[in-house]
Amino acid sequence: MPTPLTPAQLAARSGLSVPTLHHYEREGLITAARTGGNQRRYPPDTLRRLAFIRAAARVGVPLAEIRAALDTLPGGRPPSAQDWAALSATWRAALEARIATLTRLRDDLDGCIACGCLSLDRCALHNPGDALGRTLRGGSQL
């Protein structure tokens with residue numbers, strides 16, 4: 001049986017802080033056993049779960065969605081490469097949508113810098129497509 005890791009050992013090997021590990025535990029992303037002295041001990045396969053959590057979080061997946069994905073694994077086992085492929089495929093569409101939104105924002109920012117108008121009725125950043133003019137009576141009231 002592999003030796004369980006203390007929070008300090010797990011932090012050192014994962015590159016995460018001990019408070020982050022405790023936060024992930026409170027969020028239900030990882031679990032720890034307790035010793036007779038009430039000290040946390042993490043199974044070594046927690047390192048694989050943490051790698052999965054960090055990779056998913058790095059691309060913007062909220063912790064609640066990561067927890068839900070990990071909850072689908074039988075017996076709380078660590079995710080495999082196949083698990084990552086299946087779960088990341090479900091997150092791809094949301095990531096693509098965020099990339100498209102950020103690209104539009106970047107392009108609109110470039111246009112705004114070029115014109116300098118900051119017009120509330122025409123500004124692509126503040127009022128895309130003059131949405132405010134359609135929703136407020138009498139046009140923009142800002």
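**Exercise 1. Is Phe52 buried or exposed, and what is its relative accessible area?**

*Solution.* Phe52 is buried, with a relative accessible area of 4%; buried means under 20%, exposed over 50% and partly exposed in between, for a 1.4 Å probe and protein chains only. The model is predicted: local features need pLDDT of at least 70 and side-chain atom pairs pLDDT 80 or more, whereas totals for chains, interfaces and linings use all residues. Residues are numbered from 1 along each chain as its sequence is written, and side-chain values use heavy atoms, with hydrogens and water left out.

**Exercise 2. Describe the aromatic cluster that contains Phe52.**

*Solution.*
Step 1. The whole structure holds three aromatic pairs; rings of Phe, Tyr and Trp (its six-membered ring) pair if their centres lie within 6.5 Å, and planes under 30 degrees apart count as stacked, over 60 as edge-to-face and the rest as tilted.
Step 2. For Phe52 and Trp91, the ring centres are 6.1 Å apart and the planes stand at 55 degrees, so this pair is tilted. The pair joins distant parts of the chain, 39 residues apart: Phe52 belongs to helix H3 and Trp91 to helix H5 (residues 81–115). Helices (H or I, at least four residues) and strands (E, at least two) are DSSP runs, numbered from the N terminus.
Step 3. For Trp84 and Trp91, the centres are 6.0 Å apart and the planes at 65 degrees, so this pair is edge-to-face.
Step 4. Trp91 is buried at 11% relative accessible area, whereas Trp84 is partly exposed at 29%. Phe52, Trp84 and Trp91 form one cluster.

**Exercise 3. Which residues of helix H2 are buried, and what covers them?**

*Solution.*
Step 1. In H2 (residues 18–26), the buried residues are Leu21, His22, Tyr24 and Glu25.
Step 2. These residues lie on the same side of H2 because their arc around the axis is only 160 degrees, taken from the directions from the helix axis to the C-beta atoms.
Step 3. An α-helix has 3.6 residues a turn, so residues three or four places apart point the same way.
Step 4. The face turned away from the buried side carries the exposed residues Pro19 and Arg26.
Step 5. The cover of the buried residues includes helices H1 (7–14), H3 (46–58) and H4 (63–71), and strands S1 (33–34) and S2 (40–41); contact means heavy atoms within 4.5 Å.
Step 6. After H2 comes Gly28, with a positive phi near 80 degrees.
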